[in-house]
Amino acid sequence: MDIKIIPKNNIGGKITVPGDKSISHRALILGAIAEGVTEIDGFLAAEDCLATINCLRKLGVKIEHSGDAARVFGVGLHGLQKPTDALYVGNSGTTLRLLTGLLAGQSFDTMLDGDASIRRRPMDRVITPLTQMGANISGSKAPISIKGTKLRGTHYKMPIASAQVKSAILLAALYAQGETIVEEPTPGATRNHTENMMKHMGIDLDISGKIIKYNGGILTGHKICVPGDFSSAAFFVVAGVLLAKDGLTIENVGINPTRIGLLDALRQMGAKISVSNRKKTLGNEEVGDIFVKKSALRPIVLSGDIVPRMIDEIPIFAVAALFASGTTEIRDAAELTVKESNRIAVMATELTKMGAKVQPQTDGMIIYENHPLTGAEIDSHEDHRVAMSLAIAATVAHNSTRIKNANCTNISFPNFFQILGNI
């Protein structure tokens, strides 16, 4: 499906965004192996999370789902059943990597597969630590075959910051004999939703600096309130910085410190951003209302520890950087090359079609000063975050823009274009 974007001169008001994708996945998976029922409010009913539901149902888990509410009837730690065929994860890398950790220690064999994009994405970073725990996994990319076996604890030092790797290890630790420790490159290097939810549901984790130690416990079903997804809010944060003369408020958004690197980066550039109504949800997550206002931006060099905290937001950050008063550099972001698309190459190519000057690098890009954008025919490359980033760029361009394959936004943000049209 193609979408035509008409430019805007001003935006404002109050909006909400759908539930957090990362938290929705984890609530389903942990709820599935918990004792009792887990009730999820604010669930993200997008394609990625629905893929997780389908996989868990094939593993014998009863899940009721209606709109943004879901109920997971936990089968306990050892209650999963052998599926009759391969588990299909669609486009969801989170489903693929987390289920690999979950299934490695089962008493049965499984196969995981996905769409063409998933089949290109590397799995070695997950398979390496799981193999260190005794897992028997065949294949370096989907489809992968997992032969269930007994696992042993390990102390794994992550060479690259990855919440999915960390989460896969922690899920495998639930089935492992002996102590499991995960050591991140730096404290708080990756999003900590798995740890927050495990602790909320009864698992004993000792977290000290960059060390996460699993100490046992029993998962118990709980109510979980999923906040608005910061990665979805990010598109409107940037839209507000570029267009909201009187301000734009995005309500009830997750503001977990491991997720909001984009706010820190934009503030370094001079963006007018504030957060109010801070509170904690059921599930140990902090939420708040984000207020943004049209701002003059200065260039920065984006590198180092902040990059993993905003890796999903770098495509939309690149759009903001087009409007800085100088040259912005993005470094240490090679991870972008193995997402749903090569986001470095794709963003550079498509923004160039709109008149921007963007030079791709092996681990980032150089974005030159404020070249006016002009409407064009551009392509999402079937990458949801690329599609939404380009849509924001099109909103501040001269003349209309047509985005090809724009329906990929259903992967994480089904009503994105409706909200964009209404603000």
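Contact means heavy atoms within 4.5 Å. With that in hand, we can look at Phe317. Leaving aside neighbours within four places in sequence, Phe317 is in contact with Leu262, Ala265, Leu266, Met269, Ile300, Leu302, Met310, Thr328 and Ile330.

## About the model

This is a predicted model, where local features need pLDDT of at least 70, side-chain atom pairs count only at pLDDT 80 or more, and totals for chains, interfaces and linings use all residues. Residues are numbered from 1 along each chain as its sequence is written, and side-chain values use heavy atoms, with hydrogens and water left out.

## Two nonpolar cores

A nonpolar core is a set of buried Ala, Val, Leu, Ile, Met, Phe, Trp, Tyr and Cys residues joined through side-chain atoms within 4.5 Å. Buried means under 20% relative accessible area, exposed over 50%, and partly exposed in between (1.4 Å probe, protein chains only).

The largest core has 81 residues. Phe317 is among those with the most contacts inside it, along with Phe236, Leu266, Ile290, Leu302 and Phe416. Helix 7 (residues 230–243) gives this core its largest share, 11 residues. Helices (H or I, at least four residues) and strands (E, at least two) are DSSP runs, numbered from the N terminus. Another core lies apart, with 67 residues, including Ala34, Leu56, Leu130 and Ile203.

Two strands pair if DSSP finds at least two bridges between them. Four strands form an open sheet in the order 6-7-9-8, with mixed pairing. Its edge strands are strand 6 (87–88) and strand 8 (136–138). Strand 8 pairs with strand 9 (residues 144–147) in the antiparallel sense, over three bridges. Ile137 has Ile146 in strand 9 as its bridge partner.

The loop between strand 8 and strand 9 holds Pro143. The peptide bond from Ala142 to Pro143 is cis, with omega near 0°.

## Two helices side by side

Axes are lines fitted to C-alpha atoms, for helices over the stretch in contact, and angles run from 0 to 180 degrees between N-to-C directions. The axes of helix 3 (residues 93–103) and helix 5 (residues 163–173) come within 7 Å and cross at roughly 30°. Angles under 35 degrees count as roughly parallel, so these two helices are roughly parallel to each other. Residues that meet here include Leu98 in helix 3 and Leu171 in helix 5.

## A positive phi

Asn252 lies in strand 17 (residues 248–254). Its phi is near 55°, a positive value in a residue other than glycine. Asn252 is partly exposed, at 36% relative accessibility.

Notes: Parallel < 35°, antiparallel > 145°, perpendicular 65-115°, else oblique.
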